[in-house]
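Visitor: I would like to learn how to read some features of a model. Please take them one at a time, with the general idea before the case.

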Amino acid sequence: MFNGNIKKALCFDDRITFLNNGSYGAVPLSVEEAQIDFFKSINKCPAIFMDEAGIEGIRENLAAACELLDIRDVMENAALVNNVTKGDVLITTSMIYGCYTTLIDSICKKNRINHILVDIQLKDSVSDMIGKFKEAVSNIANQKVFAFIEWIASASAKLYPVDEIIEVLHEKNCVVMIDGAHAPGQLPSSIISKVIKKSDVFIGDIHKWCFCVRGCAILVVNKANSKYFYPTIVSWYYKNDTPFIRFFNLGTEDTLSRYSVVAAKKFIESIGGPEDIFIYCNKAVCEIVSYIRFNIPGTVLAVDENTSAPFMRLISLPEAFNDCKKTRTLFATGSCDAVMRHFREIYKIDLLFVIIEKKLFLRICASVYNSIEDAVSFVEAYFKYMN
């Protein structure tokens, strides 16, 4: 059922090879149809949607999301929100998602907050990462500390031992927010449920690996902290005691993606369920990377499989790729965008190139539609590029 054949059930351009599911997940045709139907129902009578129908629709889709993550018992402290993302000290890591950097710098300067940056390296083992967090908080005492920690670093595919990290931070009375953007649909729900209940705040994207419409995410706040979390837009339900209603009606903001979870959950069940998907995608990414490494000598796995996300890998291509005139020309702007655009437009392959620790890497992702054929397409494109 999986591999290239399933593309017929997805809203994909069948002329393009996608190895970049981590940036934007696949949307099934059935989910798109449900989205269109719901959009039409809104336009027929917007007032009803903003009242009974809208709230019940959000409640139903939130329940579906909580079932996917095995957190039905904390649904009252959860809300569907758009794609995400005050004390004395703020703790983050060096691998934090790029767009957060400017925001965090601004917040810390404006509020005179001490920013502790935990320097996580690609080569770090589980014990290395835990040790670095212990060292980072060793001198903290009698301060209000907020930690914003990614579970899976997006660019590097680095998997953090967040269970142990939360324990280290809680020993110093830190409020811990886990950025689980890549967790739902990629990590087992039993593990996600445990981390959600252990952390103070959890945010996770439903659109990357759970087949929802782009922009759908879930926010879960423990009961003690729920009174501190409000949407950035002040609207009618801003003061409501229930989180999912508090984030429900944000003026004219487009919240349509939040109504795609029920349809996405049905799609997941129709293709075998989370366990079958996990087995397939984990095997697929291993086979794809192995094929690339075998056929392009000099390709190196940059992050050990033990600390890599199940469906994602980071590899470095041979130095000849970095040094060739074409790559140097495309990188003249100082951005990876031109290289990615070149592969997409010339070779019809969607990839993510990233710069980490001042080096160029390629992140490979595998979903249910990927197979070894995609690796073959990339290898062929690579040699055409080099020639």
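Visitor: In which strand is S316 found?

Guide: First, the basis: this is a predicted model, in which local features need pLDDT of at least 70 and side-chain atom pairs count only at pLDDT 80 or more, while totals for chains, interfaces and linings use all residues. Residues are numbered from 1 along each chain as its sequence is written, and side-chain values use heavy atoms, with hydrogens and water left out. Helices (H or I, at least four residues) and strands (E, at least two) are DSSP runs numbered from the N terminus. S316 is found in strand 10, residues 312-316.

Visitor: Is S316 buried or exposed?

Guide: Buried means under 20% relative accessible area, exposed over 50%, and partly exposed in between, with a 1.4 Å probe and protein chains only. S316 has 17% relative accessibility and so counts as buried.

Visitor: What is the strand order of the open sheet of four strands?

Guide: Strands of a sheet pair through backbone hydrogen bonds, either parallel or antiparallel. Here two strands pair if DSSP finds at least two bridges between them. The order in this open sheet is 9-10-13-12, and the pairing is antiparallel. Strand 9 (300-301) and strand 12 (352-356) stand at the edges with a single partner strand each, so one side of each has no neighbour in the sheet. Strand 12 is joined to strand 13 (residues 359-365) by five bridges, and the two run antiparallel. Within this pair, F353 stands opposite L362 of strand 13.

Visitor: Which strands are joined to strand 5 by bridges?

Guide: Three bridges join strand 3 (residues 89-93) to strand 5, and these two run parallel. The partner of I91 in strand 5 is A147. Strand 6 (residues 175-179) is also parallel to strand 5, with five bridges between them, and F146 stands opposite V175 of strand 6. From strand 5 the chain crosses through helix 5 (residues 162-170) to strand 6 in a right-handed β-α-β crossover. Right-handed means that, with the strands pointing away from the viewer, the path from the first strand over the helix to the second runs clockwise.

Visitor: How many of the residues of strand 5 are buried?

Guide: Strand 5 (residues 145-150) has five of its six residues buried, and is thus mostly covered.

Visitor: What is the phi of N142?

Guide: Most residues other than glycine have a negative phi, and most peptide bonds are trans. N142 has a positive phi, near 55°. N142 lies in the loop between helix 4 (126-136) and strand 5 and is exposed, at a relative accessible area of 85%. K348, also not a glycine, has a positive phi of about 60°. The loop that holds K348 is between helix 12 (337-347) and strand 11 (349-350), and K348 is partly exposed at 39% relative accessibility.

Visitor: How many salt bridges does the count come to?

Guide: Side chains of opposite charge can pair when their charged atoms come close. The rule for a salt bridge is a side-chain nitrogen of Lys or Arg within 4 Å of a carboxyl oxygen of Asp or Glu. The count comes to 14 salt bridges. Among them, E269 and K265 meet at 2.7 Å, N to O. Both lie in helix 8 (residues 261-270), four residues apart, which is about one turn of the helix. E269 is partly exposed at 47% relative accessibility, whereas K265 is buried at 16%.

Visitor: Which residue forms a salt bridge with R15?

Guide: The partner of R15 is D13, with the closest N and O atoms 2.7 Å apart. R15 is exposed, with a relative accessible area of 61%, and D13 is partly exposed at 27%.

Visitor: Which residues are linked in a network of salt bridges?

Guide: The network links D163, E167, K194 and K198.
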